[in-house]
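Q: Can you take me through this one? I'd like to go over the charged pairs, the packing and the rings.

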Amino acid sequence: MNPPRVFVSYSHDSADHKRWVLDFATTLRNRGIDAILDQWDLKPGDDLPHFMETQLDSAQYVLMICSNRYVEKANAGEGGVGYEKMILTSNLLSKIDSAKVIPIIRQPAGTYNTPTFLRTKLFVNFSNDAELEFSFDELLRHLLDAPLFEKPEIGSNPFKPMENSAPDRSSDGIKEVMKAVARCYNKTSASYISFHNLLSELSMHRITSDKYLLEARQAGLLTTVQNYASRIKLTPIGREYLFEHDIVDK
């Protein structure tokens, strides 16, 4: 996989600024970025405008080092003479995809000026030397397509259409029966409860009670004492049901 190719555009404000830009581009190359810089890639006799246009066209990204002087020249709409032809103007920007231009702020603390034709773009702030590593981390993650947080995939819809299905009332009825069973057990020391006492704890119709009692037995929650159909016992599965549905405390 080829390293991302970036072109560094800046103004020659001072010897110190040129040195900072050189260190900036060197760090990029040391960390996997094919940084193109005039201090390496231009030599006497080369055509500056041609170099600028060629590199803008071939670069995957253009890093615009926005010092205050750079912003002034870019807003003036002309690159000036000599090395100031290396400044990206709105005219040059119209010839490339503006999405690949990333403003790099290098200004006195508290100012974040960018050329007017890039005013709405997000920038990376390199003004504070004490926080350069944080700034490099943000920039490099973008250039190398290595985001700090991956956007999660969209999960499946947790809701199902109800058009062709009726609500499951059985589980609600069984739960009411099991609540009554728990109350009956709480009133006796025997290992079983009587059918009569259970019915007295249920507020539903007798026929409805019979229906849900049968379903509870079929689910393995309840059983009867052998030879005594009116004596109802809680099964181990039924006991777990009471815990899992918070009918009784564990």
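**Salt bridges, core and rings**

A: The side chains of D129 and R106 form a salt bridge, 2.7 Å from N to O; the term means a side-chain nitrogen of Lys or Arg within 4 Å of a carboxyl oxygen of Asp or Glu. This is a predicted model, so local features need pLDDT of at least 70 and side-chain atom pairs count only at pLDDT 80 or more, while totals for chains, interfaces and linings use all residues. Residues are numbered from 1 along each chain as its sequence is written, and side-chain values use heavy atoms, with hydrogens and water left out.

Q: Where do D129 and R106 lie?

A: D129 is in the loop between β5 (124-125) and α6 (132-143), and R106 is in the loop between β4 (101-105) and β5, so the pair ties together parts 23 residues apart in sequence. Helices (H or I, at least four residues) and strands (E, at least two) are DSSP runs, numbered from the N terminus.

Q: Is R106 buried or exposed? And D129?

A: R106 counts as buried, at 19% relative accessibility. D129 is partly exposed, at 47%. Buried means under 20% relative accessible area, exposed over 50%, and partly exposed in between, with a 1.4 Å probe and protein chains only.

Q: How many salt bridges are there in the whole structure?

A: The search finds 13. One of them joins D13 and R69, with the closest N and O atoms 3.9 Å apart. D13 sits in the loop between β1 (5-9) and α1 (15-30), and R69 in helix α4 (residues 68-76), so that pair spans 56 residues. D13 is partly exposed at 30%, and R69 is also partly exposed, at 35%.

Q: What about K187?

A: K187 forms a salt bridge with E201, and the closest N and O atoms are 2.4 Å apart. K187 is in the loop between α7 (170-185) and β6 (193-194), whereas E201 is in helix α8 (residues 195-201), 14 residues apart. K187 counts as exposed, at 63% relative accessibility.

Q: Which residues are joined into one network by shared partners?

A: R5, R29 and D34.

Q: Moving to the packing. Which residues have the most contacts inside the largest nonpolar core?

A: F24, L28, L63, I104, F126, L139 and L143, in a core of 24 residues. A nonpolar core here is a set of buried Ala, Val, Leu, Ile, Met, Phe, Trp, Tyr and Cys residues joined through side-chain atoms within 4.5 Å. β1, α1, β3 (61-66), β4 and α6 each supply at least two residues of this core, and α1 gives the most, with 6 residues.

Q: What does L28 touch?

A: Leaving out residues up to four places away in sequence, L28 touches V6, I33, A35, L63, F136, L139, L140 and L143. Contact means heavy atoms within 4.5 Å.

Q: Which residues of α1 are buried?

A: H17, W20, V21, L22, F24, A25, T27 and L28. They pack against β1, β2 (34-36), α2 (38-41), β3, β4 and α6. Just after α1, G32 takes a positive phi of about 95°.

Q: Now the rings. How do F24 and F126 pair?

A: Edge-to-face, with 5.2 Å centre to centre and 90° between the planes. Rings of Phe, Tyr and Trp (its six-membered ring) pair if their centres lie within 6.5 Å; planes under 30 degrees apart count as stacked, over 60 as edge-to-face and the rest as tilted. F24 is in helix α1 and F126 in the loop between β5 and α6, so the pair ties together parts 102 residues apart in sequence. Both are buried: F24 has a relative accessible area of 1% and F126 of 0%.

Q: Why does the pair Y112 and F123 count as stacked?

A: The ring centres are 5.7 Å apart and the planes are at 15°, so the pair is stacked. Y112 is partly exposed at 44%, and F123 is partly exposed at 32%.

Q: Which residues do ring pairs link into a cluster?

A: W20, F24, F126 and F136.

Q: Last topic, the open sheet of 3 strands. What is the order?

A: β6-β8-β7, with antiparallel pairing; two strands pair if DSSP finds at least two bridges between them. β6 and β7 (222-225) are the edge strands, each pairing on one side only. Strand β8 (residues 228-234) is joined to β7 by 4 bridges, and Y228 in β8 is the bridge partner of V225.
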